[in-house]
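Thanks for coming. I will take one structure today and go through its charged pairs and then its domain interface. Here it is.

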Amino acid sequence: MNATRQNSRILAIETSCDETSAAVVENGRTILSNIIASQIDLHAQFGGVFPEVASRKHVEVIHAVVEQALEEAHMGLDDIDCIAVTRGPGLVGSLLVGVNMAKGLALARHKPLLGINHIEGHIYSLWLTDQVDEIEFPLLTLVVSGGHTELYLMVDHGRYQHLGGTLDDAAGEAFDKVGRVLGLPFPGGPAIDKLAATGNATAYKFPRAVMEEGFNFSFSGLKTAVARQVKHFDKTRMPVEDVAASFQTAVVDVLVTKTERAALAYGVTAVHLAGGVSANRELRRTMTERLTVPVRYPSPILCTDNAAMIGAAAHWHFVNGRRDNLNIDVIPSLQLV
Ligand code: KG4
Ligand code: ZN
């Protein structure tokens, strides 16, 4: 795919889970605005994302978020070449709010519409970071989020080979479940990252499911082992930091071991980390330390769900002539390949 000589200004919308986001992205590389209205505080009381509450909140704020994205980019809809929106994977009610908003704008203003895969958005968050000037394929991308743990070989723009994924819990899901067991606020990932910094990572030996062939992951055994260990403690005297650090080291060890194995097997030029868990400091540090190829990761704001990454992914489709039908539907379990 050669898209380097074509320009685009894309208004992107992302509502797949609990962030309502709209962005304006130029040429797939420059963020002109990226508004993110997070619902985390709203869902924390439920200890996880409550789908009905999420879609209702999206409806409440989506208009203001889109307006603010255009305003901050100093643009009107007339300046926009294309409307891009997350079509899946995600929560059906949440996705519908974004897709309907995008369809409405595209229809009313006669703009092309592109339905983008959320995972591909995470992958393209790397194109929005200024550390990546010349990206050479093939790349290995590890997408680690609340819903996914996937290894993709990326051979060109928009061309992926799925090498492996989680057989049970996603990495972020494991962080969130262990966070709950440790009595930490939702989401557990950032809280564990913080506590682990002062804990002893060798205090407890938790299992690592890395022995089998291939590039799949499994975290449910690890999660169960942590829960079993925690039962031994008096709640008021739990060594939370040590458990958090030992758990985090086990997750990171599994992720790095499999990624390293795939990087060697496919002779990639670099490894890209993306998704919410790619914000994890221990993961970034260990991956960079153990791999011999460059390891890149997005800036923290681009790790979490945001519309700019959807705009970045949409750029490559747009300049290659893809246009979607205005009656596209949401696909909650949309696959990348
Ligand atoms: O990509 P994302 O914002 O949403 C999904 O598409 O799922 O990822 C959210 C996940 C949550 O499970 C959260 O606990 C995890 O990313 N997360 C982290 C960190 N920051 C967010 N996990 C580990 N360490 C972090 N620093
Ligand atoms: Zn995500």
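By about how many helical turns are Glu 173 and Lys 177 separated in helix α5? About one, because the two residues are four apart in that helix. Keep in mind that this is a predicted model.

Their side chains form a salt bridge, at 3.3 Å from N to O. As for accessibility, Glu 173 is partly exposed, with a relative accessible area of 27%, and Lys 177 is partly exposed too, at 25%.

Next, Asp 169. Its salt bridge partner is Lys 223, and the closest N and O atoms are 2.9 Å apart. Asp 169 sits in the loop between β8 and α5, while Lys 223 belongs to helix α7, so this pair ties together parts that are 54 residues apart in sequence. Asp 169 is buried, with a relative accessible area of 7%.

Another pair is Arg 281 with Asp 193, again with a closest N to O distance of 2.9 Å. Here helix α9, which holds Arg 281, is linked to helix α6, which holds Asp 193, and the two residues are 88 apart. Asp 193 counts as buried, at 12% relative accessibility. In total, the structure holds 13 salt bridges.

One more lysine. Lys 258, in helix α8, has a relative accessible area of 0%, so it is buried. A polar atom of its side chain lies 3.3 Å from the backbone oxygen of Gly 214.

Now the domains. The assignment gives domain 1 as 9-125 plus 302-319, and domain 2 as 136-297. Their C-alpha centres are 27 Å apart. In contact are 14 residues of domain 1 and 17 residues of domain 2. Between them the domains bury about 1300 Å², with 72% of it on carbon and sulfur atoms. On the domain 1 side, Ile 119, Ile 123 and Cys 303 lose the most area to domain 2, together 41% of what that side buries.

How many salt bridges cross the interface of domain 1 and domain 2? Zero, by the rule used. Four residue pairs are in polar contact across that interface. The elements giving two or more residues to the domain 1 side are α1 and α4. The largest share, five residues, comes from α4. By class, that side has nine nonpolar, four polar and one charged residues.

That is what I have.

Note on methods. Residues are numbered from 1 along each chain as its sequence is written. Chains are lettered from A and ligands numbered from 1 in the order in which they are written. This is a predicted model: local features need pLDDT of at least 70, side-chain atom pairs count only at pLDDT 80 or more; totals for chains, interfaces and linings use all residues. Side-chain values use heavy atoms; hydrogens and water are left out. Domain bounds come from an automatic or database domain assignment. Contact means heavy atoms within 4.5 Å. Buried area is the accessible area (1.4 Å probe) that two parts lose on being put together, summed over both. A salt bridge is a side-chain nitrogen of Lys or Arg within 4 Å of a carboxyl oxygen of Asp or Glu. A polar contact is a pair of N or O atoms within 3.5 Å; within protein, one must be able to donate a hydrogen and the other to accept it, and residues adjacent in sequence count only if both atoms are side-chain atoms. Ala, Val, Leu, Ile, Met, Phe, Trp, Tyr, Cys and Pro count as nonpolar, Asp, Glu, Lys and Arg as charged, and the others, Gly among them, as polar. Buried means under 20% relative accessible area, exposed over 50%, partly exposed in between (1.4 Å probe, protein chains only).
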